[in-house]
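Hi everyone, thanks for making time this morning. I'd like to walk you through a model, so please have a look at the screen before I start.

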Amino acid sequence: MGEIIVNVDVMMAKRKISLNALASKVDITPANLSILKTGKAKAIRFSTLAAICDALNCQPGDILEYRDELNNK
Amino acid sequence: MSKIRSKLLTLKGIRTSLDVVCVAIALLILGLVAVSVIDISRNPNSIVGTATIHPAKDPIVLGGDLSSQVEGVNLSLKPNFIEVQYKMLFSQNHTDVIFYRILWFFTLNLPMIFILFILFYLRNIVNSVLKEVRHSQHSIAHYIFSKRNIRRVRYIAFAFILFPLLELSAYWADNLLLQRYFSLKGIDVASIITMGSLSWDYIIIGLAFIVIIEILRRGIALQEENDLTV
């Protein structure tokens with residue numbers, strides 16, 4: 001099975017928003033947002049996803065990506 | 001905040017007292033080792049011990065015919081109803097003497113070594129909690145259930161299971177030696193350790209520990225998943 005890659009950092013760079021600013025907008029702790037950004041997260045709540053999409057003005061597909069195990073693409 | 005500080009102070013107190021007790025027991029064991037080493041070097045070819053006797057099929061006559069199957073071994077017995085004190089004198093240095101002495105040293109001091117082992121791991125658990133709490137703001141209970149501490153508790157559980165097994169090996173070895181060097185007409189000689197006097201209940205405690213560890217491990221897995229859910 002492949003894996004889910006979190007591309008929050010790419011979207012954050014596009015929107016030019018800092019980690020702390022996004023954390024306060026989404027109303028989660030910077031530590032938790034850091035867990036998400038570094039790919040350590042095991043799960044994400046729909047409410048958190050919705051709040052991040054709202055703050056970054058994007059779709060879930062812009063943040064999350066499925067990468068296949070075989071061709072790595 | 002002050003509540004956490006008082007809890008930390010309590011933990012520190014527990015750790016310090018565990019430190020003191022551990023060091024005291026370790027020093028005591030070292031002292032006993034030194035004493036027994038001196039004792040062995042002073043009279044390296046005699047064994048003084050106690051055994052139990054019970055009549056074989058023929059009736060016994062105490063103080064009667066005593067003999068040893070091995071040449072150069074002298075036996076002297078002081079009958080005391082069912083327990084006898086014996087002294088074996090070997091004419092030359094014998095590895096069995098050293099083995100027997102070491103065996104009895106471990107058998108007599110096994111509870112102390114066992115307590116030291118458990119207290120040492122308890123101290124390490126308390127210490128790990130103290131170390132982690134200093135660096136973070138989570139509650140104290142959050143740090144007790146870590147993978148390392150689970151491993152420590154598992155060592156304690158293994159110690160509980162191993163303890164009666166070590167006693168059992170001492171029982172076997174003691175009986176083996178007595179059977180090799182004792183031959184009394186009409187009397188069966190056995191170790192003063194009996195199967196019933198071994199701490200079999202410790203095995204049950206150890207198994208209960210292992211069950212609790214499995215529950216804790218599941219809890220840790222759930223907590224980790226919860227912590228990593230954003």
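Let's begin with helix 2 (residues 19–26) of chain A and helix 4 (residues 46–56) of chain A, whose axes cross at roughly 120° and come within 9 Å. A quick word on what you are seeing: this is a predicted model, where local features need pLDDT of at least 70, side-chain atom pairs count only at pLDDT 80 or more, and totals for chains, interfaces and linings use all residues. Residues are numbered from 1 along each chain as its sequence is written, chains are lettered from A and ligands numbered from 1 in the order in which they are written, and side-chain values use heavy atoms, with hydrogens and water left out.

Some terms, then. Helices are DSSP runs of H or I with at least four residues, numbered from the N terminus. Axes are lines fitted to C-alpha atoms, for helices over the stretch in contact, with angles running from 0 to 180 degrees between N-to-C directions. Angles under 35 degrees count as roughly parallel, over 145 as roughly antiparallel, 65 to 115 as roughly perpendicular and the rest as oblique.

So helix 2 of chain A and helix 4 of chain A are oblique to each other. Their crossing is right-handed, meaning that the near helix is turned clockwise from the far one by less than a right angle. Which residues meet there? From helix 2 of chain A we have A:Leu22, A:Lys25 and A:Val26, and from helix 4 of chain A we have A:Thr48, A:Ala51, A:Ile52, A:Ala55 and A:Leu56; contact means heavy atoms within 4.5 Å. The residues of this contact divide into 6 nonpolar, 1 polar and 1 charged. Here Ala, Val, Leu, Ile, Met, Phe, Trp, Tyr, Cys and Pro count as nonpolar, Asp, Glu, Lys and Arg as charged, and the others, Gly among them, as polar.

Let me stay with A:Thr48 in helix 4 of chain A. Is A:Thr48 buried or exposed? A:Thr48 is buried, with a relative accessible area of 6%; buried means under 20%, exposed over 50% and partly exposed in between, using a 1.4 Å probe and protein chains only. Leaving aside residues up to four places away in sequence, A:Thr48 touches A:Val26, A:Ile28 and B:Val230.

Helix 2 of chain A also packs with helix 3 (residues 30–37) of chain A, at an angle of about 110° and with axes 9 Å apart. That makes the pair roughly perpendicular, and this crossing is right-handed. A:Leu19, A:Asn20, A:Leu22 and A:Ala23 of helix 2 of chain A make the contact with A:Pro30, A:Leu33, A:Ser34 and A:Lys37 of helix 3 of chain A.

Now for two loop residues. A:Lys16, between helix 1 (8–15) and helix 2 of chain A, has a positive phi near 55° without being a glycine, and A:Lys16 is exposed at 76% relative accessible area. A:Asn57, between helix 4 and helix 5 (60–63) of chain A, also isn't a glycine and has a positive phi of about 55°; A:Asn57 is exposed at 62%.

Finally, chain B. B:Ser128 lies in helix 2 (residues 95–135) of chain B, and is buried at 16% relative accessible area. Not counting residues up to four places away in sequence, B:Ser128 touches B:Asn149 and B:Arg152.
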